[in-house]
Amino acid sequence: MSNIPNVDVIDLDSIDVTNLNRQFLFRQKDVGSSKAEVAAKFINERCPWMKVTPHHGMIQDKDLNFYRSFNCIISGLDNVEARRWLNATVCSLVELDEDGDPDPETIIPIVDGGTEGFAGQARVILPRITSCFECSLDSFPPQKTFPLCTVAETPRLPEHCIAYAFTIQWPTVFPDKKLDSDSPDDMKWVYEKALIRSQKYDIEGVTYMLTMGVVKNIIPAVASTNAIVSAACVNETVKLLTFCSQTLNTYMMFMGKSGVYSHTFVYEKKDNCPVCSATVRKMQVSPKMTLNELLQTLRDGDLRLQAPSVTAATSGKTLYMQKPAALQKITKVNLDKKLNDLIEDGEELTITDPLFPGTSLGLSIFFEN
Amino acid sequence: MATTNKYDRQLRLWGQNGQKSLSESCIILIGCSAAGTESLKNLVLPGIGSFHVIDDQIVESRTNNASGSSNHNRFSNFFVFPDHDSMTDNGENPPLTSRAEIASKHLSELNPDVKGSFTDVPSLANADYASIFKSVTSSSSADHHLLVIAADLPPCILKSISTVCWNYQKPIPLVIVRSYGLLGTVRIQTPLHTVIESKPDNSNPDLRLFTFQSSSPSSFDTLINFVNSIQLKTLESHEHGHIPYLIILCKAIEKWYNGDDNNTKRTELPKTFEEKKDFTNLIKSMSRNYNHELNFQEAVEKAFLAYSKKEIPYEILELLNNVCEDSIMSSFDLLLLTLKRFMKVNHDFPPLVGTIPDMTSSTNYYMQLQEIYKTKAKNDEMQMKEIMNGIQNELSTKSNQSNATAVSDEELSIFCKNVYNLHLTKTRSYTSEYDFFYASNEQKEEIQGDLMADTYDPYEVPVQTPMLWFIALRAADAFCDEYGHYPGKDSRKLALESDAKIVQGYIEMIVEKMGLLDNELIKSTLLSTDDDLKNAFASEITRYYNAEVHNIASVVGGIASQEAVKLITRQYEPMNGTYVYNGIAGVAGVYQF
């Protein structure tokens, strides 16, 4: 509606009936079809000046040249990993000039929005200038699951019974079949097993709706909050593209449960952000630590990497490479070796990870005495 | 898909009861601007019962230019545009031109569950709103809850709508929404809105642990007996590590009073910082292996539950004080009186909520505790029911009171569980706000005091503080009141400058009426004479000339619809005041003007 005709939209999902309460470009008849395609079609028909091009697939399927071709990127992604990938990709497009400053021609703004029930946020990321998504990773802690001992031995809530049914019983009864949370039959199975368990412990409250909520980790969603956040995002996008006014600096929060609370603040850049700062991190480890244990720390610790590969920076020696398969086979023998057999004290490692395409992390390892 | 219910994602917020209220509601939209249609879109999608659109304008049909190629005429409202459809069916049906009809058509299409209708009026300024509202409600059979949304209307029209809604036989909640260039506002008007299920985010459980002492008049006997039946010292280690913190805290309170194990005997629960520290240490000393006993760690974290008392909100206590047999006007009043009498015979305690949070525990202990709380809550609820029936009998013998005050068992049950969450919203009428009419000097002082306080907490970039922009908008409204159109109509440079000067004059008048003429923030921004700020706000407003920017309209449309949902479902706390969205800097705030 702001007369920006050339828009590309990427989404890997198909339309589900539960989308219809808020995703207003879709109707009952569209259930099962590609979101990107139906959305593009609706807009192109309603607004004939628009040329929306749909891409039904994953954002990771597109290469750097694809992203490079845009003036602005709006992200309405529904998970942290996808946001991290997009953020790292767009940040990697920024080129530095001779003075080490970012070349403005290569900066593509990302406008990111998200909602949860009555709350939401919109932010503007100017890669290398403002904080990026990775700078704020700490505010998205990894999802909490129920403690195993509670689920297995001391259930108290209906949620515990449901967790038992789908994390313990299902893999036991169907070891080769992955639970399909969109299949009514699979979900009915989980619900019934959860109900039986709850009856055994006299726990009330297991319902089909709760079962779905727990298994799919459903976040409530309504039309109004999504309208607010998406409109705020587009407002920033239009201003960025037309220079007609100022830009949000950099993060706006909305909370609508009690009254309406809005808060706008600058999300500060993180000094040692693995994506947008160039610092080499330092890590002190026990000399007995194996390469595999280091990789574990990179996955489970603050960095929350997905599948790290490691090269020694100065010697160029490959320590472990996840892909391609041939290289993985050759290097996997290093996993059980002690780090101090592989590298010198203080040596810098170059870490790459599928979450950060196009960039790498510098990590210097120091051995404790 | 695993469910066929399209409302699944929203049911998880307001439940079946909320959804039912929505489906029994009728929304009247006056004015089909983008802010209005966006507000209504976000209400049609979640399944309101019906809506009715009122407007006085027409939409020009699409024109093809001379060469025959269709010039893609752009429009700025997703739901209001020249009628394509009639033009493609061989011209048999003339194209729709009524803005109300077009909006109604495209909004209805969003959700087959919702019925849409419209009224064309010759002029929104002269329309007989009271009659239109009456005819809309009488035409529907169900007991519809009405709500009115007024979108992008000038103050003179808004004032008459505000008055009609305020004085209607049963006052109609009104949502006033506008978008103006890069600015937008939302204002709620409701003389009285009561909420039982306000569902606050952080609310402590109703555990009543502080009553755990035999000398208390309101002992929770079943809890006391249960706790006494457990001897911590005799438990083997696995069980010891799975005693729920609720019980640990009770035992700790006991020790606190008895002064066991070299601790001093206390006569009161912990109050000072030192005492609270001592209490925490007492809990730790009860543990056998603190680092491994999660339940004791939880007890320490939740130690405050042992000595804090849940309070009923102050405004509700006031209501309780004032409610009496002669003033029962609604089911809410009846419930309040029931509560009042219940508390009188229960040492000032309301009915127990009855739920306990999850905590590290064996299933057995947890289920037993849960049962104890549930049973007491159930008994309290039954007592409430008896009291309520008593009051209803009194009332029916007194006069022939109709069943306007009928309360179902379910409603009573919900009330009992939400006594600490009761909430009341009372707003001023839009008209009294616009005309700077205060009911009393006290009210004037309070409102002006709040505005002053708001100026001490400006945005990081003071000129972008939303409150200032609201004042600028009010100045534009004052201009419109005087000249019949908004400033900036003539876009030539000198004309714009001249309009801006007039707007600046209105800004000063409004600032004075708000009692802020001497205010530092105002002086350094709105009234600044510095080169770069002189008349800056007035000029920006003049530049807009009430332009409709769809994104801004969507933001405030979203806020407006969110508040409307709260008003209809009677869940969650609505905002009280005006939400001001400054789309220039992406900053917003809520103020009472």
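How many residues does the contact take from chain A and from chain B? The points below start there. Note that this is a predicted model.

1. **Extent of the contact.** Chain A puts 73 residues into the contact, and chain B puts in 74 residues. The size of an interface is often given as the accessible area lost when the parts come together. Here the area buried between chain A and chain B is about 6100 Å². Carbon and sulfur atoms give 60% of that area.

2. **Polar links across the interface.** Five salt bridges are counted between chain A and chain B. The rule also finds 25 residue pairs in polar contact across this interface, with both residues at pLDDT 80 or more.

3. **What chain A brings.** Several elements of chain A give two or more residues to the side that touches chain B. The helices are α1 (35-46), α6 (184-200), α7 (208-216) and α8 (223-242). The strands are β6 (251-255) and β7 (261-265). Of these, α8(A) gives the most, with 12 residues. By class, this side of chain A has 38 nonpolar, 21 polar and 14 charged residues.

4. **Salt bridges to look at.** Over all chains, the structure holds 38 salt bridges. One of them pairs B:Asp358 with A:Arg156, and the closest N and O atoms are 2.5 Å apart. B:Asp358 sits in the loop between α14 (331-344) and α15 (363-398) of chain B, while A:Arg156 sits in the loop between α4 (148-152) and α5 (158-173) of chain A, so the pair joins two chains. Another salt bridge links A:Lys257 with B:Asp201. For that pair, the closest N and O atoms are 2.8 Å apart.

5. **A helix crossing in chain B.** Helix α1 (residues 8-23) and helix α23 (residues 550-569) of chain B pack at an angle of about 95°. Their axes are 8 Å apart. That angle falls within 65 to 115 degrees, so α1(B) is roughly perpendicular to α23(B). From α1(B) come B:Trp14, B:Gly18, B:Ser21 and B:Leu22. They meet B:Val565, B:Ile568 and B:Thr569 in α23(B). The residues of this contact divide into four nonpolar, three polar and no charged.

6. **Backbone points to check in chain A.** Most residues other than glycine have a negative phi, and most peptide bonds are trans. Which residues does a cis peptide bond with omega of about -20° join? They are A:Asn249 and A:Thr250. A:Thr250 lies in the loop between α8 and β6 of chain A. A:Pro324 is in the loop between β10 (318-320) and α10 (325-331) of chain A.

7. **A positive phi.** A:Asn3 is not a glycine, yet its phi is positive, at about 65°. This residue lies in the segment before β1 (6-11) of chain A.

Conventions. Residues numbered from 1 in each chain as written. Chains lettered and ligands numbered in written order. Predicted model: local features only at pLDDT ≥ 70, side-chain atom pairs only at ≥ 80, totals over all residues. Heavy atoms only, no water. Contact = heavy atoms within 4.5 Å. Buried area = accessible area lost by both parts, 1.4 Å probe. Salt bridge = Lys/Arg side-chain N within 4 Å of Asp/Glu carboxyl O. Polar contact = N/O pair within 3.5 Å; in protein donor to acceptor, adjacent residues only side chain to side chain. Helix = DSSP H or I, 4+ residues; strand = E, 2+ residues; numbered from the N terminus. Nonpolar A, V, L, I, M, F, W, Y, C, P; charged D, E, K, R; others polar. Axes fitted to C-alpha atoms, helices over the stretch in contact; angles between N-to-C directions. Parallel < 35°, antiparallel > 145°, perpendicular 65-115°, else oblique.
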